[in-house]
Amino acid sequence: MLRMIAHRVLAGFAVVAGVVTLTFLLLHAAPGDPAEQLLGPTATAEQLAAGRHALGLDRPLAVQYLSWLSRFGRGDWGTSLATGRPASAMLGRAWPATARLVLVSLVLSYGLGLVVAAVQAARHRSKLDTTLSIASVTLVALPGFWLGLMLVAVFTYLLRVLPAFGVAGYDVDELHGWARLVDALRHLALPLATLTLIGIGAAARFARGAMLDAIEQPFVVAARAKGLATPRLMRHHVLRHALIPIVTLLGLSLPALFSGAVFIEAVFAWPGVGRVLVEAVQARDYPVVMAATAVSATLVVVGNLAADVVAGLVDPRVRAREEASA
Amino acid sequence: MTAALRDWRGRAGLLLVLLALVAAIAAPLLTGGDPGTLGDVVATRFVPPFARDVHGVFHLLGTDRLGRDVWTRLAYGGRISLAVGFLSVLLSVVLGTTIGAAAGWWRGWPAAVLSGFTDFALALPRVVLLLLLVALWRPNAALVVLLLGATGWMPVARLVQAEVRAHAARPFVEGAHSVGARSRRVLWRHVLPNALTPVIVAAALGVGNAILLEAGLSYLGLGVQPPTPSWGNMIASGRDTLVNAPWVATAPGVMLVVVVVGCTLLGDALRDAMGGRSTAAL
């Protein structure tokens, strides 16, 4: 198990390193450079040359890469061209907001998705099963940013019950205790609902398949033949067996949730990594783009790693296989 | 394919996709003409659905803030959205099949390198990469197709690699070799046609995914640029008028859902019809 984790951590490092290297090279291959961004369209050729020299952009690419890498490794991520703030501080504030949104949504999506799937699997091929299948296909097909806008139209503009933008109201510093918590939850409600509705569809679709596979297993048929009631059968035999592929998918769905969050953060002005990335990309704010890319890649890699570990803990066979091959 | 159409999901999915395709292809016949025409903006803007503007022109889905007919833009926008979806998946399939077939057919280090490269590319966060790449160059429809294709081939490569490996060991391939067929011919004529079955399923699911990604990028202003209509940038343009003209943002979203549901149902039906259990999507 430990060997497996060590192996995966190394592979994860390789992916993150690959992503930042790729980003670095792409930024340099693209037309336009930070000096042009910084000095604006009125800069003369001499000013641009001086600017490039000051930023070290006239050195060989390999030298630039190594010096950037060593600074990046030491936590010096440069300052934002757009805001003048350190990129590390911007990302340091942003990642907890994204992690909170994605993790709460993950838990809710799977919790509710499993219930839907269990109902479908228990009533396989019934009208209810078909209806719920259509519902979950539709949920998965919803574009997150559009669903978000629709929820805003209904709950913010029409019913005027929930705020649409940001993590907290303007009066948050005046609020204490319960009021502050309620304010935070009200702001979380719409982005979370958007991400979770789509997530429920995805989870239910997959879990239904996993449970139907489990229901066909001989031990389930035997348990049913002994007269076990359906709810108990589903809980104790089918769900437990189906959990293994579901946990594996849990890790795989983290990147999907994270990409969903990128668009949803843009809709709801949610101050997370996705929004920082989108704004930096739109403003060609290179240091922040680099930092945001590295943080996004790390979040995705850590999520996958966590899922691998959990899968190992849930399923002794996975553990045994890993140990046998190690 | 016929087996998939015996399934209600196959029929429903095909119907939904065909509906959108026909509307997009026959756009000039079904709509009032050019999606970009600006007429009398003040008099014709924000006409609600099923109403006539002051000139007596009927607007099935109303007009946007520049007085443009939403139904016309929806049909023409469908051309862009569907073309981006289909072409980018086609590119993914070609790239993925080439790389996957090479990785599965060859032995030794070239195969290991290709397969390692596929694994690495699969681990990259696709949306992050897309945002980055689109922003570096001037975004347009062709660039979006290229980038969606270039970031979507990995699941196909994995599928094809596994299938090629499995088929390469089967007796009919051994037979082809033994009657003297050259390696390339065996791969083309005997192995690949068999290996492509699961790719069709992945492609059907992938089209929906690619259309959603294009819409997302266009919504952020990083995809197809206005005034060319795409469903994504139509939603973006309706964002500011959610209160007084909600139909502008609603209609393209509904079309997106219809097409993606269609692709998903079709993909599900194809997968079950082929008896496969692959759940991979592009």
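## Aromatic pairs

Over all chains of this predicted model, a search of the whole structure finds 8 aromatic pairs. One aromatic cluster is formed in chain A by A:Phe24, A:Tyr65, A:Trp68, A:Phe72 and A:Trp77.

## The interface of chain B and chain A

Chain B has 39 residues in contact with 45 residues of chain A. Between the two chains an area of about 3,500 Å² is buried, and carbon and sulfur atoms give 84% of this area. Three leucines, B:Leu132, B:Leu136 and B:Leu242, supply 17% of what chain B buries against chain A, more than any other three residues.

Four helices of chain B each supply at least two residues of the side that touches chain A: H6 (109–123), H7 (126–136), H12 (197–219) and H14 (247–273). The largest share of that side comes from H14(B), with 11 residues. By class, the side of chain B that touches chain A has 31 nonpolar residues, 5 polar residues and 3 charged residues.

The rule finds 1 salt bridge across the interface of chain B and chain A. This salt bridge joins the side chains of A:Arg205 and B:Asp268, at 2.7 Å from N to O.

## Salt bridges within the chains

A search of the whole structure finds 9 salt bridges over all chains. One of the salt bridges is formed by A:Arg208 and A:Asp129, whose closest N and O atoms are 2.9 Å apart. Because A:Arg208 lies in helix H8 (residues 177–215) of chain A and A:Asp129 in helix H6 (residues 127–141) of chain A, the pair ties together parts that are 79 residues apart in sequence. Both A:Arg208 and A:Asp129 are buried.

In chain B, a salt bridge links B:Arg239 and B:Asp240, and the closest N and O atoms of the two are 4.0 Å apart. B:Arg239 is partly exposed at a relative accessible area of 34%, while B:Asp240 is exposed at 56%. Elsewhere, salt bridges that share partners join six residues into one network: A:Arg205, B:Asp7, B:Arg9, B:Asp268, B:Arg271 and B:Asp272.

## Surroundings of B:Ser88

B:Ser88 is part of helix H5 (residues 70–105) of chain B. The relative accessibility of B:Ser88 is 1%, so this serine counts as buried. A polar atom of the B:Ser88 side chain lies 3.2 Å from the backbone oxygen of B:Gly85. Apart from neighbours within four places in sequence, B:Ser88 is in contact with B:Ala83, B:Val145, B:Leu148, B:Gly149 and B:Ala210.

## Surroundings of A:His187

A:His187 belongs to helix H8 of chain A. With a relative accessibility of 7%, A:His187 counts as buried. A polar atom of the A:His187 side chain lies 2.9 Å from the backbone oxygen of A:Asp183. Once neighbours within four places in sequence are left aside, the residues in contact with A:His187 are A:Pro163, A:Phe165, A:Gly166, A:Val167, A:Ala168, A:Gly169 and A:Trp270.

## A loop residue, A:Leu159

A:Leu159 is located in the loop between helix H7 (144–158) and H8 of chain A. At 48% relative accessibility, this leucine counts as partly exposed, because the class of exposed residues begins over 50%. From A:Leu159 to A:Ser105 the distance is 24 Å, C-alpha to C-alpha, and the two are 54 residues apart in sequence.

Terms used:
Residues numbered from 1 in each chain as written. Chains lettered and ligands numbered in written order. Predicted model: local features only at pLDDT ≥ 70, side-chain atom pairs only at ≥ 80, totals over all residues. Heavy atoms only, no water. Phe/Tyr/Trp six-rings, centres within 6.5 Å; stacked < 30°, edge-to-face > 60°. Contact = heavy atoms within 4.5 Å. Buried area = accessible area lost by both parts, 1.4 Å probe. Nonpolar A, V, L, I, M, F, W, Y, C, P; charged D, E, K, R; others polar. Buried < 20%, exposed > 50% of the residue type's maximum accessible area, 1.4 Å probe, protein only. Polar contact = N/O pair within 3.5 Å; in protein donor to acceptor, adjacent residues only side chain to side chain.
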